[in-house]
Amino acid sequence: TGLITLDLGYKNTGATLSDITYLDGDKGELFYRGYPIEQIAEKSNFTEVMYLLLHGELPNQEQFLQFQKNINKYNYVAEEMKKILDAFPRSAHPMGVLSTLTSALTAFNPKAVNVKNKEDLDHAAEMLLAKFSHLCAWTYRKTLGLPLNHGDNNLNYVENFYKMTFRMPNQDFELDPVVVDALDKILILHADHEQNCSTSTVRMVGSAQTGLFASISAGVSALWGPLHGGANQAVIEMLEHIEQDSGDVAKYVAKAKDKNDSFRLMGFGHRVYKNFDPRARIIKKATYDVLNKLGIQDKALDIAMQLEKVALEDDYFVERQLYPNVDFYSGIIYRALGIPTEMFTVMFALGRLPGWISQWKEMRLHGDPIGRPRQVYQGAQQRDYVPMESR
Ligand code: CMC
């Protein structure tokens, strides 16, 4: 079997060849299909980014409209799926509900599972892009005990999601362009990030030729964890905690540096970025814009800024190259937009969906072999079975 290289956490092991996303952790740079994230975040929109990630090129007008039309064809979810939603307690975590419902989509759309070629694959992708946004909206409505809303084909992808999520019964509904713009930007910034934990999970599950919906459901579960997508929820909880503790930032910085204390500054540090996370820079600016435009003053933002300042000047953080990551500021925007804390990771999932699907598609079209890491065995050597009465 040859020599096996042990690489815990795959810190240094390339698992695939990919054409989708490039990131340079030392320089703090990120590109989707070659386009710098700064340009994409400023000039593009989430629907266009979905197309770019899936197809490799920016769409022309005709391709864009056709793509939107294809997604709109599936802008509904089978009525029977609502029964599964109903069976969950209201207290269920939205990420658990989302993962279950995503997997359940398979049963109601069996044709989409049986992909044989690129056309089938694109078809399944468009179907999932449409239906997943419903499921994300449903998890929110479920938490609040609200009736579900239908999709609206007169709106773009982000507006449609926003309306399905936030339209209250018996009330006029108006889209707030500030909110829609901010959501669009956040979703773009989360859309892909090469072989992170959830994306690797999606590719690994799919490498057994498991269907798209079941593979993405596994990705949702991976994203749920606090060291991955769950960090955005952990950040805002930490900022609220510091605020309630009379805003004593220095105390928490000291705790984070204390090796006898398990506390870490959430939203700081990254496996790959050893420089400022370029997404954090963009989100930071968007956070100011949103708070200004909505006329909101948020103490959590003051605390976040103080933490950032300390971390950028303190030897502990400088030596370990711990910079704010994408999740550091996103929670403050979500809170300003009235999105409940438990929904933060669902928002991340909605943003990451086109990345997961594109990586799954790439894996299948490249014909990657089934994922099957090896191990270094360190258990018992051969020994003889002992009958129970002799143990
Ligand atoms: N606060 C205090 N110390 C830290 C932190 C932190 N947030 N992050 C890392 N360190 C220290 C760590 O104690 C270690 O110190 P030493 O060398 O003295 O033992 C050193 O920095 C290296 O850390 P590591 O844990 O070996 O690095 P890693 O690459 O295994 O972990 C990480 C990366 C993101 C899990 C980690 O930095 C962390 O736990 N950060 C907080 C959680 C967080 O914000 N996660 C979101 C990541 S971005 C979104 C996403 O991609 O999901």
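**Exercise 1. State how the protein chain of this predicted model is divided into domains, and describe the side of domain 1 that touches domain 2.**

Step 1. The chain is divided into domain 1, which comprises 17–226 + 346–366, and domain 2, which comprises 231–336.

Step 2. Between the C-alpha centres of domain 1 and domain 2 the separation is 27 Å. To the contact, domain 1 gives 18 residues and domain 2 gives 21 residues.

Step 3. On the side of domain 1 that touches domain 2, two or more residues each come from strand E2 (29–32), helix H1 (37–43), helix H9 (177–190) and helix H18 (344–366). H9 supplies the largest share, five residues.

Step 4. Sorted by class, this side of domain 1 holds eleven nonpolar, two polar and five charged residues.

**Exercise 2. Determine how H9 is oriented relative to helix H14, and which residues meet.**

Step 1. Helix H14 spans residues 278–294; its axis and that of H9 come within 10 Å and cross at roughly 170°.

Step 2. Angles over 145 degrees count as roughly antiparallel. H9 is therefore roughly antiparallel to H14.

Step 3. From H9, the residues involved are Val178, Ala182, Lys185, Ile186 and Leu189; they meet Arg279, Ile282, Ile283, Ala286, Val290, Lys293 and Leu294 of H14.

Step 4. The contact of H9 with H14 contains nine nonpolar and three charged residues, with no polar ones.

**Exercise 3. Characterise the packing of helix H7 (residues 118–144) and helix H8 (residues 157–166) by angle, axis distance and handedness.**

Step 1. The axes of H7 and H8 lie 8 Å apart, and the packing angle is about 25°.

Step 2. Angles under 35 degrees count as roughly parallel. H7 and H8 are therefore roughly parallel to each other.

Step 3. The crossing of H7 and H8 is right-handed.

Step 4. H7 contributes Ser133, His134, Cys136, Ala137 and Tyr140 to the contact, while H8 contributes Tyr157, Asn160, Phe161, Met164 and Thr165. By class, six of the residues in the contact of H7 with H8 are nonpolar, four are polar and none is charged.

**Exercise 4. Identify which residues come nearest to the ligand, and classify the shell around the ligand.**

Step 1. There are 19 residues around the ligand, of which Ala231, Arg264, Phe268, Gly269 and Arg271 come nearest.

Step 2. The shell around the ligand consists of eight nonpolar, seven polar and four charged residues.

Notes:
Residues are numbered from 1 along each chain as its sequence is written. This is a predicted model: local features need pLDDT of at least 70, side-chain atom pairs count only at pLDDT 80 or more; totals for chains, interfaces and linings use all residues. A residue is near a molecule or strand if its C-beta atom, placed from the backbone, lies within 6 Å of it. Ala, Val, Leu, Ile, Met, Phe, Trp, Tyr, Cys and Pro count as nonpolar, Asp, Glu, Lys and Arg as charged, and the others, Gly among them, as polar. Domain bounds come from an automatic or database domain assignment. Two residues are in contact if their C-beta atoms, placed from the backbone, lie within 7 Å. Helices (H or I, at least four residues) and strands (E, at least two) are DSSP runs, numbered from the N terminus. Axes are lines fitted to C-alpha atoms, for helices over the stretch in contact, and angles run from 0 to 180 degrees between N-to-C directions. Angles under 35 degrees count as roughly parallel, over 145 as roughly antiparallel, 65 to 115 as roughly perpendicular and the rest as oblique. A crossing is left-handed if the near helix is turned anticlockwise from the far one by less than a right angle, and right-handed if clockwise.
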